[in-house]
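Colleague: Hi! Could you walk me through this one? I'm new to it.

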Amino acid sequence: MATQAHSLSYAGCNFLRQRLVLSTLSGRPVKIRKIRARDDNPGLRDFEASFIRLLDKITNGSRIEINQTGTTLYYQPGLLYGGSLEHDCSVLRGIGYYLEGLLCLAPFMKHPLKIVLRGVTNDQVDPSVDVLKATALPLLKQFGIDGESFELKILRRGMPPGGGGEVIFSCPVKKALKPIQLTDPGKIKRIRGMAYSVRVSPQMANRIVDSARGVLNKFIPDIYIYTDHMKGISSGKSPGFGLSLVAETTNGTFLSAELASNPQGQGAAVLPEDLGRNCARLLLEEIYRGGCVDSTNQSLALLLMTLGQQDVSKVLLGPLSPYTIEFLRHLKSFFQIMFKIETKSCGEELKGGDKVLMTCVGIGFSNLSKTLK
């Protein structure tokens, strides 16, 4: 795979974000060729170019070269710098697309990161800001990334295709990460949710809540689903509604599911009742898959384990998503780290689907930028 000891070379547009994030952390340059070379519209898409611009903003001294057609990208990472920034995300993807990358990089900046992101807060492709706030932030806290300035706040909601949402993400810097042992997910103790509606009748959110509770009330009494109806300028530019649900276990594991309505003018209209029911079923599916980290954040957990101190970290996951499997291959290329993977079949004590126990020894990654102050 690697052309020379130093720089890594890939072909194709898949997993572009993974490669750029790992390149930034490991300091190894990457060259990516044949990006949609055979497409009618070749080269980098708008949202990928926007992600590259974001990386350029949070680093100092990165070198980025893109050929004229946009089909070849050379990226030589600089130092992670951080500071107070603003970024307008492409409305083709959700803000979650950019946040997932930032969550991996933010703890290792020179200055604490405080960034305002504008764009689509909830869509059908990327994890919404609500879900990342409810699941990814507690996960980072397990690794010792915490502080008063650690928050993710939604100022405005924006639905596709118009966007118009705005969020603030701030994260303190860490010198080193704690190793973790997350092997017992615990039992589900409560379910929290957020039904939101923008530029449609506020009644939509209530209808979603009723239908979701109709499914979940059979299992557990402690359910609270908030309704969030943003008005005026806070509601973005396009109408829509949706629901995000998070189940919390006795051991502090968070499992999430979410659904959003079809963007205006695309696809058939979705009934709020159907959306609520389907989202509740998705949450049950996620609980069945189980593990100590939900399928959205598997790769984030594995990355933080890799970068941890030179000590053993263990985490129990549900079935690995295809994205996570590719991520493991990339971790091997960039950091030469291999995970020990043990399958745990659903025996007496493990309910639900088959689980995977992932074990690794961290590489002892230390935030060098922070010591230069």
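Colleague: Let's start with G265: buried or exposed?

Modeller: G265 is exposed, with a relative accessible area of 81%. Here buried means under 20% relative accessible area, exposed over 50%, and partly exposed in between, with a 1.4 Å probe and protein chains only. Keep in mind that this is a predicted model, where local features need pLDDT of at least 70, side-chain atom pairs count only at pLDDT 80 or more, and totals for chains, interfaces and linings use all residues. Residues are numbered from 1 along each chain as its sequence is written, and side-chain values use heavy atoms, leaving out hydrogens and water.

Colleague: Where does G265 sit?

Modeller: In the loop between β15 and α6 (272–289). Helices (H or I, at least four residues) and strands (E, at least two) are DSSP runs, numbered from the N terminus.

Colleague: And how far is G265 from P161?

Modeller: They are 9.0 Å apart in space, C-alpha to C-alpha, and 104 residues apart in sequence.

Colleague: Changing topic: in what order do the strands of the open sheet run?

Modeller: The order is β13-β12-β14-β15, 4 strands with mixed pairing; two strands pair if DSSP finds at least two bridges between them. β13 (223–230) and β15 (254–260) stand at the edges with a single partner strand each, so one side of each has no neighbour in the sheet.

Colleague: Which helices pack on that sheet?

Modeller: Helix α4 (residues 129–142) touches β12, β14 (240–249) and β15, and its direction makes about 165 degrees with that of β15. Helix α5 (residues 203–216) touches β12, β13 and β14, and its direction makes about 165 degrees with that of β13. Axes are lines fitted to C-alpha atoms, for helices over the stretch in contact, with angles from 0 to 180 degrees between N-to-C directions; contact means heavy atoms within 4.5 Å.

Colleague: How do β12 and β13 pair?

Modeller: In the parallel sense, over 8 bridges, with β12 covering residues 188–198. M194 stands opposite Y226 in β13.

Colleague: What about α1, how many of its residues are buried?

Modeller: 10 of its 11 residues, so helix α1 (residues 16–26) is mostly covered. Among the buried ones are L20, V21 and L22. G27 follows α1 and has a positive phi, near 75 degrees.

Colleague: Which residues of α1 meet α3?

Modeller: R17, V21, T24 and L25 do, against G96, Y97, E100, G101, C104 and L105 in α3.
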